[in-house]
Amino acid sequence: MNSDVASELRLHLADADATDALGAALAAARSPANAPALHVHLHGDLGAGKSTLARALLRALGVQGAIRSPTYTLVERYPLADGGEAWHLDLYRIGDAGELEFLGLDGGEASLWLIEWPERGRGWLPPADLRIDLAVDGAGRSVRLAASSAGGRAWLAALAAATGIEPVAADS
């Protein structure tokens, strides 16, 4: 993807298997060499597939054992096969962004942040490298992936090249 092409991809996921396939494709396209830490903000209503996508991505990155939803714990940490660590946050239950101060999110160990409901942590979270918007669309899901950093753009470019998904203009 060159600088003349918008850093955005859109697609339709027909079912949970397609969501798992997107998670696997994102994992395969991720290159820690492109960015030492990537921040993914997952947006969507309840039931849109944020946790399903995060779980599929983590599994494809080599996470072994149970991958728990952080709905009640707020953050779950997972060692990755490449030696890094992923932090999966679910901020749905956060009443005030200042509560994040007590979670010990210094970020030094995390090479991948997957953050559900990031708008609830506004002002306390690192900015998104990749924003993923999920929405119920009939029996499936619509997905918009938008990069906002060099690391995010490299990730989307690798994803587009590997899957054949065509980038779209940000205003279309």
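**Space and packing**

Me: What makes the lining of the largest cavity nonpolar, polar or charged by class?
Reply: Its residues divide into 10 nonpolar, no polar and no charged. The names are Leu26, Val40, Leu42, Leu53, Ala54, Leu57, Leu114, Leu130, Ile132 and Trp155. Ala, Val, Leu, Ile and Trp count as nonpolar, so each of these residues falls in that class. One caution: this is a predicted model.

Me: Why is this space called a cavity?
Reply: A cavity is a place where a 1.4 Å probe fits but cannot get out. The largest one has a volume of about 40 Å³. With a cut-off of 30 Å³ or more, the count comes to 1 cavity.

Me: Which elements supply at least two residues each of the lining of the largest cavity?
Reply: They are β2 (38–43), α2 (50–60) and β6 (130–137). The largest share comes from α2, with 3 residues. Leu53, Ala54 and Leu57 are in the lining, and their numbers fall within 50–60.

Me: What makes up the lining of the largest pocket, by class?
Reply: There are 4 nonpolar, 6 polar and 4 charged residues. Lys50 and Glu116 are among the residues closest to the centre, and Lys and Glu count as charged. Again α2 gives the most, here 3 residues.

Me: How do you know that α1 and α3 meet, and which residues are involved?
Reply: Contact means heavy atoms within 4.5 Å. By that rule, Leu22, Ala25, Leu26 and Ala29 in α1 meet Trp155, Ala158, Leu159 and Thr163 in α3. By class, this contact has 7 nonpolar, 1 polar and no charged residues.

Me: At what angle do α1 and α3 pack?
Reply: Helix α1 (residues 16–29) and helix α3 (residues 150–163) pack at about 120°. Their axes are 8 Å apart. The crossing is right-handed.

Me: How confident is the predictor, by mean pLDDT?
Reply: The mean pLDDT of the chain is 84. Of its residues, 85% reach 70 or more. Over residues 1–6, pLDDT stays under 50.

Note on methods. Residues are numbered from 1 along each chain as its sequence is written. This is a predicted model: local features need pLDDT of at least 70, side-chain atom pairs count only at pLDDT 80 or more; totals for chains, interfaces and linings use all residues. Side-chain values use heavy atoms; hydrogens and water are left out. Axes are lines fitted to C-alpha atoms, for helices over the stretch in contact, and angles run from 0 to 180 degrees between N-to-C directions. Helices (H or I, at least four residues) and strands (E, at least two) are DSSP runs, numbered from the N terminus. A crossing is left-handed if the near helix is turned anticlockwise from the far one by less than a right angle, and right-handed if clockwise. On a 1 Å grid over the protein atoms alone, a cavity is a set of points where a 1.4 Å probe fits but cannot get out, and a pocket is an open set with protein on both sides within 12 Å along at least five of seven lines; lining residues have an atom within 4 Å of a point. Grid points are joined across faces, edges and corners, and a volume is the space filled by probe spheres set on the points. pLDDT is the predictor's confidence in each residue, from 0 to 100.
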